[in-house]
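Q: I would like to learn how to read charged pairs and strand pairing from a set of coordinates. Could we go through one structure step by step?

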Amino acid sequence: MLALPGELDGTLFLAALWQTPRGRTPTAHHYELGTLTVGVDPDRFLSDLRCAHRTVRSYSPGAHTVPLTLAEAAARQVEAAGTMVLSPGRDLADGTREGTRALLGHLNPSAEVLSGSESGEDALGTLVKPDPRWAAAGPVERLDPVIAPVRRQGVDHGVMSVLWRSRRPVHPERLAASLPRITSGVVRSRGHLWLATRPQLMAAVPSWSRRRR
């Protein structure tokens, strides 16, 4: 078991770990990748996910640091995880913990969410078992930002995921005019755009966090 610092970008770390160095054998021939686990505090996570005005430093492979908003850093941590451990929180009756669990399920539908109250033996078995998704899909499919993410169906505690696709490039001016209405109530966005003014390029969608009305 390897304990990673909280400032490390988990997605980039996994991508670098799974790359085959030139002249060497693949990492998968020597190691069986287990589950990347992230601990989540329900009393802080929702506020962190809304914090787009403060930046933090996220360390990526190669000792480079990238300034990210606190919301982006928090979202990346849970989106790269295979298992998330949700702590009990201070007040179990106010719905914060249930709302956080629902939000985690939409941010990363393929991850398993454990409660901090579960027995140590059951939790340990989940944390150390190999992650079958890496064997089934491979790291490229898991980490490639172009591939559409898995979308969770339904509405949980007021949280809903929407997947938008288009066969035609997007008009940039119309998109800019529509953003205030489109992003109302949005907590997290991710993906890529095909702009009509630059059809040969793929533009990454900037992540944002908006407080729900």
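Predicted model: local features only at pLDDT ≥ 70, side-chain atom pairs only at ≥ 80, totals over all residues.

Q: Is R44 buried or exposed, and is D48 buried or exposed?

A: R44 has a relative accessible area of 53% and is exposed, whereas D48, with a relative accessible area of 15%, is buried.

Q: Which residue forms a salt bridge with R188, and how many residues apart in sequence are the parts that the pair ties together?

A: The partner of R188 is E79, and the closest N and O atoms are 2.8 Å apart. Because R188 lies in the loop between α8 (172-182) and β8 (192-193) while E79 is in helix α3 (residues 70-80), the pair ties together parts that are 109 residues apart in sequence. R188 counts as buried at 17% relative accessibility, and E79 counts as buried at 14%.

Q: Which residues are joined with E79 and R188 into one network?

A: Through salt bridges that share partners, E72 and R76 are joined with E79 and R188 into one network. Another salt bridge is formed by the side chains of D156 and R152, at 3.3 Å from N to O, and R152 counts as partly exposed at 33% relative accessibility.

Q: Turning to strands, what is the order of the open sheet of three strands?

A: As a general idea, strands of a sheet pair through backbone hydrogen bonds, either parallel or antiparallel. In this model the open sheet has the order β1-β4-β5, with parallel pairing. β1 (37-40) and β5 (112-115) stand at the edges with a single partner strand each, so one side of each is left without a neighbour in the sheet. Neighbouring strands of this sheet are turned against each other by 25 degrees on average, direction ignored.

Q: How many bridges join β1 to β4, and which residue does V40 stand opposite?

A: Four bridges join β1 to strand β4 (residues 83-86), and the two run parallel; V40 stands opposite L86 in β4.

Conventions. Residues numbered from 1 in each chain as written. Heavy atoms only, no water. Pairing = 2+ DSSP bridges. Axes fitted to C-alpha atoms, helices over the stretch in contact; angles between N-to-C directions. Buried < 20%, exposed > 50% of the residue type's maximum accessible area, 1.4 Å probe, protein only. Salt bridge = Lys/Arg side-chain N within 4 Å of Asp/Glu carboxyl O.
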